Amino acid sequence: MTAPTPDVLVPTAAAGRRDAPATPRRHRPSAARRLVLGAFGVLFLLPLFAMLEFSTRGVGGRSFAAWRAIVQDPDLVSAITISLELAVLTVAGMLLLLVPVATWVHLRLPHLRRLIEFICLLPLTIPAIVLVVGIAPIYAWVTYLLGDSSLTLAFVYVILVLPYAYRAIDNGLGAIDLRTLAEAARSLGAGWPTVLARVVVPNISGALLSASFLSVALVLGEFTLASLLAFNNMQVTINLLGKRDAAVSVAVSLAALLLAFVLLLVLSYVGRRRGSSGVTEEG
Amino acid sequence: MTAPQPTTTSAPGLASSGTGRRRFSRLAPYLAVTPFLVYVTVFLLYPTLIVVAGAFTDDRNRPTVSTVRILTESVYLRAFARSIELSAVTAAVGAVLGALLAWAVWSGPRDGPLRRSVMAAAGVLAQFGGVTLAFAFIATVGLSGLVTVFVHDHLGIDLFTRGVWLFDMPGLLLVYTYFQIPLMVLVFLPALDGLRPQWREAVESLGGSGWEFWRYVAGPVLLPAFLGAALLLFANAFSAYATAAALISQGSPIVPLKIRGFLSSEVILGQQNLGKALGFGMIVVVAVVMTLYALLQRRAARWLR
Amino acid sequence: MGYLELREVKKSFGGVLALDGLNLDLAAGELVSLLGPSGCGKTTALRIVAGFETADQGRVLVDGKDITGVPANRRDMGMVFQAYSLFPNMTALGNIQFGLRLRDVPAARRRQRAAELLELVGLEPHAAKYPHQLSGGQQQRVALARALAIQPKILLLDEPLSALDAKVRVTLRDEIRRIQSELGITTLFVTHDQEEALALSDRVGVMSEGRVEQLDTPARVYREPATPFVAQFVGVTNALEGRADGEAVVVDGHRLPADGAASHPRGAAIRLIVRPEEIRLSPVDGGTPTALPGTIVTQSFLGPVTRLTVRLESQDGQLLRVDVPSAEAERHAPGSRVAVEFAPRSSIVVPA
């Protein structure tokens, strides 16, 4: 039987909140639990394993030709590059747009909170497939003004990530005592840009990281808008490639899934470390 | 020596001198929010308006409900029916199985590697991309997929005796469920975290068993969160496009694929705004579901805070 | 032989020793508090009694019967947690009835009993309210009523007042005491707040590092601490370094009478512990052989008493805390020189 964590021995005060000290949860490693986890494990790993098997089929044994083709196919490489660049642009746009707004809602504009929250939840209610219908004329203007690079997709991608990013940043701001920090900085003579850059951002870095990673995952996986607006990104190219050479498509799909998995796993470790410094009370 | 009285600061408490400066500093936050509002208007609100307005316009740009009424024709009704059925079934299956998996993960250590891996994997599968998942399943149960070949060679079963179902509704059912379950885990696990250990111990100290805890306390408390999550799953499946587009290249059994048809200029003369009407129909369905979800979330949050 | 007993209970969590051979016994109807700093093991001890933890070694007995192996839901004990223990999906009445519902008590009977208990804790008008509609103090009253509804043999309280506001804490504390003595139920109460423990209990068990250092009435724990830890944990203390000399202690050349010094070998390095209210100040210039000279530095008005800080001319200018009745505070202006002394029997002498 695994020993429960010794929470009772060292009660930690969660930052700001007045919580009861956590009583250790008794972990009952029941057979039922293990069975459930095992069954789901097989179920979910099977397609991934199948992808590996499928993409390494060769004449008389295993071959990594499909995997090598990933870096050799110029269309694919350029599409992957475009997707990565789009990810960076989207994250930048999201941060530039949301951090000031979220901060101001917390500090000065609490009455606008409902409106901003509603706006940020709207993209969940407007399916991408519907948004693309309405945004086509807008993009006609965008490509007219800025050329027809696929990177212009970043504009609409920022909209798509709004719900997840805003919630992450909002939670991050809620966890720190923003008002006190800002007032302390202001009383020491800091101007607003300094407050934002030196006080707010460092203290919500965990939330910003989380929002960024979620945005990257979403951008790398986006297909609907890119495809229907006739742009080229990674998912569109994978799809087109699939008709031609399924093995390469499967290989790059698997690679993308694994990369995103590693990304999110790293995030979960980084995020935890930042948010978990508790204060131990002695006597 | 007595402690000095703390001076009370008035909200917002940030001093500015002079009426000009004060007026500016009162307006300044609104100015800061304006770029955001403008951006959202251009890239979200205006397109939505185009869709909604377009649904109620005919070809000569006059307001009408005839476009929307065309939606009641059997072709489109059937597409909506299939979309709703697909979403409902995958939401129900995904909700139950996902809740089960969430429970299994939740019973373990909170910061352990298992939970982290499952959450990261769930994040990928739920969010990532219908195209990658479509290819995952082609590799598994496609015509030359691993499982197809395996059962054919070892068990003599041909998976496709009744047609290649992967590239039709049954395929969608399977693949959608595959990403609904992780989404359920993502949404429902935090609700399970909201169950306080004191409740379980209180039940035990009053003489109750584990089963009684789930029946009288945990079950009822989790029900709003569970139903809300199921609704979210429904909306997710209903709005999904990429998987269907990757698997089904000809024909459009569900609404998102019908919209695709209208965008790739297979437009029937006299019905250009039909795509927008379909879009409007989708917005209505999803909006209703999301409103119910929001209401359930409020109840869930009150109990699971 | 007590009604509730813990014998040589040992418990470790992953290599950290929480309880180190704990012994405790409660007489029937008694209210005993376990008092100690964070990490001393008091909550662990309570949870072992409740059955939420199992002891690695040792036994728990109730009325002579060994219940060490009995699962928590069959121990017939009522437990009140620090916070958040009310079932959010049930009203106050529903929460209180829950234990009776589990025992298949018919609806009318259990509603009646729940109503009685609601009246006992003074919350009848709130019967139909849900936990989120009740204040912290009200929630804890409901939690208490819920625990008592099943008429348990023993009542366990795990820091029930710690999460409440100061004023509510005092009122509720008196309520708990009243109800407990009315019902005569054997009660174990865990707290880190000394005032609570001293005010509430028939006996106080002061704990440190997994052991009970002293289990005695509040007065004796306060006035006759058995160990240095108890002396310094309970109440406010001053400590002076010196050497034992028969029935006195020599502190920087001054020979201060102290009964407790007799039990220490002559010349041994000791620490003299004396409470603020036991110190007498006289306006003697330069002190006397049996009084330490010092200067008053500050005054803090605390209501009935005023606490002075006195800087000694010896002991490296150590600050002593001295309590005087507020009516006399005028006599002790900051800056005046005084002589510090105390009665021989009001100090405690412990090895340095």
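This is a predicted model: local features need pLDDT of at least 70, side-chain atom pairs count only at pLDDT 80 or more; totals for chains, interfaces and linings use all residues.
Which residues in helix 9 of chain A meet which residues in helix 4 of chain B?

On the chain A side, the residues are Ala217(A), Leu218(A) and Gly221(A) of helix 9, and on the chain B side they are Gly123(B), Val124(B) and Gln127(B) of helix 4. By class, this contact has 3 nonpolar residues, 3 polar residues and no charged ones. If you are new to this, two packed helices are described by the angle between their axes and by the distance between the axes.

Now the interface between chains A and B as a whole. It brings 66 residues of chain A into contact with 67 residues of chain B. On the chain A side, the largest share comes from helix 12, residues 246-275, with 12 residues. That side of chain A has 45 nonpolar, 13 polar and 8 charged residues.

Next, a pair of helices inside chain A. Helix 7, residues 178-187, and helix 8, residues 192-203, have axes that come within 10 Å and cross at roughly 150°. How are these two helices of chain A oriented to each other? The cut-off for roughly antiparallel is over 145 degrees, and therefore helix 7 and helix 8 of chain A are roughly antiparallel to each other. Helix 7 of chain A passes helix 8 of chain A in a right-handed crossing. From helix 7 of chain A, the residues in this contact are Leu181(A), Ala182(A), Ala185(A) and Arg186(A). They meet Val195(A), Val199(A) and Asn203(A) of helix 8 of chain A. The class count for this contact is 5 nonpolar, 1 polar and 1 charged. As background, an α-helix has 3.6 residues a turn, so residues three or four places apart point the same way.

On to chain B. The domain assignment gives domain 1 as 15-55 and domain 2 as 73-301. The C-alpha centres of these two domains of chain B lie 36 Å apart. Between them, 4 residues of domain 1 of chain B are in contact with 5 residues of domain 2 of chain B. The domain 1 side of that contact has 3 nonpolar residues, 1 polar residue and no charged ones.

One helix of chain B deserves a slide of its own. Is helix 11 of chain B, residues 255-263, mostly covered or mostly uncovered? Mostly covered: 7 of its 9 residues are buried. The buried ones are Val255(B), Pro256(B), Leu257(B), Lys258(B), Ile259(B), Arg260(B) and Phe262(B). What covers them includes elements from two chains: helix 5 (128-146) and helix 10 of chain A, and helix 3 (74-106), helix 10 (242-247) and helix 12 of chain B.

Chain B also touches chain C. That contact takes 19 residues from chain B and 22 residues from chain C. On the chain B side, helix 8 (197-205), helix 9 (210-239) and helix 12 (274-304) each give two or more residues. Helix 8 of chain B has the largest share, 6 residues. The chain B side divides into 8 nonpolar, 6 polar and 5 charged residues.

Then chain C itself. Its secondary structure comes to 8 helices and 20 strands. The C-alpha trace of chain C spans about 80 × 45 × 35 Å along its principal axes. Of the 352 residues in chain C, 43% are buried. For contacts in chain C between residues at least 6 apart in sequence, 64% join residues at least 24 apart.

Last, two backbone details. Ala230(A) has a positive phi of about 65°, although it is not a glycine. Where is Ala230(A) found? Ala230(A) is in the loop between helix 10 (224-228) and helix 11 (234-244) of chain A. It has 14 C-beta neighbours inside 10 Å, so it counts as partly exposed. Glu209(C) is not a glycine either, and has a positive phi of about 50°. Glu209(C) sits in the loop between strand 9 (203-208) and strand 10 (211-216) of chain C. With 15 other C-beta atoms within 10 Å, Glu209(C) is partly exposed.

Notes
Residues are numbered from 1 along each chain as its sequence is written. Chains are lettered from A and ligands numbered from 1 in the order in which they are written. Helices (H or I, at least four residues) and strands (E, at least two) are DSSP runs, numbered from the N terminus. A residue is buried if 20 or more other C-beta atoms lie within 10 Å of its own, exposed if 12 or fewer, and partly exposed in between; C-beta atoms are placed from the backbone. Two residues are in contact if their C-beta atoms, placed from the backbone, lie within 7 Å. Ala, Val, Leu, Ile, Met, Phe, Trp, Tyr, Cys and Pro count as nonpolar, Asp, Glu, Lys and Arg as charged, and the others, Gly among them, as polar. Axes are lines fitted to C-alpha atoms, for helices over the stretch in contact, and angles run from 0 to 180 degrees between N-to-C directions. Angles under 35 degrees count as roughly parallel, over 145 as roughly antiparallel, 65 to 115 as roughly perpendicular and the rest as oblique. A crossing is left-handed if the near helix is turned anticlockwise from the far one by less than a right angle, and right-handed if clockwise. Domain bounds come from an automatic or database domain assignment.
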